[in-house]
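Have a look at this one with me before you move on. I've jotted down a few backbone spots to check.

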Amino acid sequence: MQDLKIVGTAAYVPPLTVSNDDLTTLMDTSDEWITSRTGIRQRHISQGENTSELAVKVGQKLLAQTGYSADQIDLIIVATMSPDAYTPSTAAIVQGKLGAANAVAFDLSAACSGFVFALETAKNILKASAGTTALVIGAEVLSKLVDWHDRSTAVLFGDGAGGVLLTTEERATPLVAGSDLRTMGQLNDKIVAGATTSGTSFPKQVTGLTSFTMAGRDVYKFATNEVPKSIHRAAQKAGIEVEQIDYFLLHQANARIIKQIAKRLAQPLAKFPLNIDEYGNTAAASEPILLNDVVNAGKLKPGMTVAMSGFGGGLSVGTLILNF
Ligand code: 4VN
């Protein structure tokens, strides 16, 4: 059957690393608290590179690795909650810098579920259109939205980007065997960043954006309850049992949350790769950075089945069952 294949994966993180100890000079926190509560040891922080610049580096790596030329790309989706601007889209900037003249490009805003939503969207567009090849990138510079004196949020986040090059090809099994995407918009106020005000008087002033706020306990509860359910629904759609899944690539929000989810699914922790120690929570970039790390570690073999789950702002959750 004609279906899709991930031809390449890539990631880019800015060179500066900030350790937990480094953060103790900005706020009342400790390496012990951060590592035991979240599993984070350091995060990469951009110095001047904006979201599109991280995404362009991922795009350039994907083209170089796969041997595709920029004009062969039909579609570029950038999943981000920290775009360079409201307009142009970060994806349009990426399209221009890559010289991908034949690609339609747009951003997808679904916070930490963004990459999963974007991969499913790209799949559906490629299957429904004459296009064959897409870049799907998750990219974030969360450091520009974080209040660096708020110890409840600042310790959690990092900057980075990752992505895949997708193309149409003849294969025996579909790339996406099952999917489950959900939005719980009644809980939209639980994670907020970059809010604007409409202004009451006229003429109005252009004002700044709000910094990142999160109802941590509520989001924690949401994730541990909803992610296992989403994985079960996606597995059911794929016609498989959760036991048949080789790896669970979960949004790297918090190592304790991931361990809790593994427990609820009654699956061994060895099936849940973790890299949050090195990158922190990079929202929409976390899934493609993790996928790239797992691919580069040689863990993913053809024929394996992977569940990829994103969850967070919206609130939202999304799971894809992927055949490699
Ligand atoms: C998804 C999740 C989180 C998240 C929520 C809570 C949380 C991460 C609360 C308790 C605190 C340690 C940190 Cl599940 C964030 C996002 C946003 O990307 C998405 N950490 N914690 C403690 O006191 O232990």
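Here are my points, starting with how to read the model.

1. This is a predicted model, where local features need pLDDT of at least 70, side-chain atom pairs count only at pLDDT 80 or more, and totals for chains, interfaces and linings use all residues. Residues are numbered from 1 along each chain as its sequence is written, and side-chain values use heavy atoms, with hydrogens and water left out.

2. A quick word on the background: most peptide bonds are trans, and most residues other than glycine have a negative phi. Helices (H or I, at least four residues) and strands (E, at least two) are DSSP runs, numbered from the N terminus.

3. Go to Thr87 and Pro88: a cis peptide bond joins them, with omega about 5°. Pro88 sits in the loop between strand S4 (75-79) and helix H4 (90-98).

4. Next, find Phe202 and Pro203, which are also linked by a cis peptide bond; omega here is about 0°. The loop holding Pro203 runs between strand S9 (191-192) and strand S10 (213-214).

5. Now for phi. Ala111 has a positive value, near 50°, and is not a glycine. You'll find Ala111 in the loop between strand S5 (104-108) and helix H5 (114-128). With a relative accessible area of 11%, Ala111 is buried (buried means under 20% relative accessible area, exposed over 50%, partly exposed in between, using a 1.4 Å probe and protein chains only).

6. Is Ala266 buried or exposed? Ala266 counts as exposed, at 61% relative accessibility. Its phi is positive too, near 55°, and Ala266 lies in the loop between helix H7 (255-264) and helix H8 (276-279).
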